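Trainee: Could you take me through the ligand and metal site in this one? I'd like a close look at that part, with the cut-offs spelled out.

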Amino acid sequence: MKTILVNIKTLYTSKQIPPVKGSSMKEIVSIDNAYLVVENGLFQAIGSGVVPEKYLNDAVIVDAMQACVVPGFVDSHTHLVHASSREHEFEQKLAGVPYLEILAKGGGILSTVEKTRKASVDELLHQARKSLQHFLSYGVTTLEAKSGYGLDLETEIKQLQVAKQLDKEGPIEIVSTYMGAHAIPPAYKQNVDAYVTQIIHDLDHIYATGLAEMVDVFCEEGVFSIEQTTRILTKARSCGFGIRLHADEIHPIGGGRLASSMQALSADHLMALPRSDYEALANSLTIATLLPGTSFYLNKPFAKAREMISANMALAIASDYNPGSSPSENFAFTLQLASNKLGLLPSEVLTASTINPAFSLRRHEKIGSIEVGKQADFVL
Ligand code: NIG
Ligand code: FE
């Protein structure tokens with residue numbers, strides 16, 4: 001089937017080879033009075049003005065009515081699959097109880113873990129499906145989904161199976177990440193190393209199921225140390241997983257530097273990234289993924305995005321959608337925060353929400369820009 005979208009006011013896309021770094025992030029191609037030819041789900045032609053005769057045969061013509069077109073958004077950091085919500089913690093946070101203190105007392109991530117362990121597959125499917133409908137309404141066409149609310153193999157697999165099922169249902173394409181190292185399960189509180197060893201042991205099995213492409217670790221003071229994170233990610237990489245980190249979110253413990261030295265696909269949060277680590281990230285292929293929604297909801301400082309761009313780092317923006325620190329699927333709001341609070345130009349936001357996150361999900365040859373031969377994911 002062939003569809004031609006005509007009468008597009010302006011089409012905007014990156015056309016660069018990722019990772020797109022520093023001042024290149026604002027380089028966006030724009031085509032006025034554009035048309036798009038889509039055949040069998042792929043972009044067949046992109047142009048301006050009158051559509052050439054050769055494309056018109058058997059085509060369905062759709063009038064964009066002077067709307068603009070951008071590539072489908074890629075949200076490369078979410079905790080999509082979980083049970084219930086945590087609005088009851090909001091008042092504690094307003095009263096000034098720190099996020100890590102709520103977690104240390106068995107709340108936060110651990111309270112979602114309790115509920116997710118008890119939830120049926122159908123309940124998890126139902127809740128996540130609703131979230132995906134919201135994401136789609138904001139133009140997200142690819143989304144990364146982490147496990148990490150099980151902290152035991154059975155529940156982690158249950159979450160990954162839910163994500164797999166939702167990926168099959170479409171239309172949003174889901175990239176799954178195993179995040180057993182999201183928090184320390186209460187049973188291992190006195191012996192975190194034993195939990196790390198357990199995760200390392202489970203990685204072979206998880207890889208063999210084909211349910212996850214990536215592994216992520218919450219590298220943070222009081223959660224997983226640099227040494228423990230290194231052990232998990234070294235094994236993950238040797239299994240064939242792509243690796244990602246929650247890095248330097250609250251305390252600057254060297255997560256960003258570790259990500260660059262291990263060639264992680266992504267280092268995420270980075271609100272506390274020390275300036276002395278900018279260069280290491282700028283010289284790597286690791287995408288620095290900033291999550292302004294989390295700063296907003298936790299009332300924390302925003303990452304120093306302008307400094308990072310000046311230092312030639314490659315940035316992505318993601319929602320971090322989760323029930324605690326970023327309980328919103330409103331990706332338009334996430335992108336607005338990226339401009340208003342991180343200071344990114346709209347052109348930089350576009351790069352950071354399309355081609356750079358696609359690269360961090362190892363999908364940049366297929367999605368993330370409007371170019372001939374790529375999957376026809378676009379937003380009107
Ligand atoms: O990215 N920082 C750790 N993990 C999530 C929060 C998950 C939760 O609070 O449930 C994050 O912010
Ligand atoms: Fe997160």
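Mentor: Let's start with the ground rules, then go to the site and finish with some salt bridges.

This is a predicted model, where local features need pLDDT of at least 70 and side-chain atom pairs count only at pLDDT 80 or more, while totals for chains, interfaces and linings use all residues. Residues are numbered from 1 along each chain as its sequence is written, chains are lettered from A and ligands numbered from 1 in the order in which they are written, and side-chain values use heavy atoms, with hydrogens and water left out.

Now for ligand 1. It has 15 residues around it, and the closest are Arg86, Tyr99, Tyr149, Asp320 and Ser325; a residue counts as near if one of its heavy atoms lies within 4 Å of the molecule. The side chain of Tyr149 has an N or O atom 2.6 Å from an oxygen atom of ligand 1. For the side chain of His246 that N or O to ligand oxygen distance is 3.0 Å, and for the side chain of Asn322 it is 3.4 Å. On its own, ligand 1 has 330 Å² of accessible area, and the protein covers 100% of that (Shrake-Rupley method, 1.4 Å probe; for residues, only the protein chains shown count as cover).

His246 turns up again at the iron ion (ligand 2): its NE2 is a protein donor along with His77 (NE2), His79 (NE2) and Asp320 (OD), at 2.1 to 2.3 Å from the metal. Donors here are N, O and S atoms within 2.8 Å of the metal (3.2 Å for Na, K and Ca), and since water is not among the atoms, sites may look incomplete. Along the chain, the donors of the iron ion follow the spacing H-x1-H-x166-H-x73-D. His77 sits in the loop between strand E6 (73-75) and helix H1 (90-94), and Asp320 in the loop between strand E13 (315-317) and helix H12 (331-340), so the pair ties together parts 243 residues apart in sequence. Helices (H or I, at least four residues) and strands (E, at least two) are DSSP runs, numbered from the N terminus.

His77 is buried because its relative accessible area is 0%, and Asp320 is buried too, at 2%. Buried means under 20% relative accessible area, exposed over 50%, and partly exposed in between (1.4 Å probe, protein chains only).

Beyond the site, the model has 16 salt bridges, each a side-chain nitrogen of Lys or Arg within 4 Å of a carboxyl oxygen of Asp or Glu. One of them joins Glu173 and Arg363 at 3.1 Å, N to O.

Methods: Polar contact = N/O pair within 3.5 Å; in protein donor to acceptor, adjacent residues only side chain to side chain.
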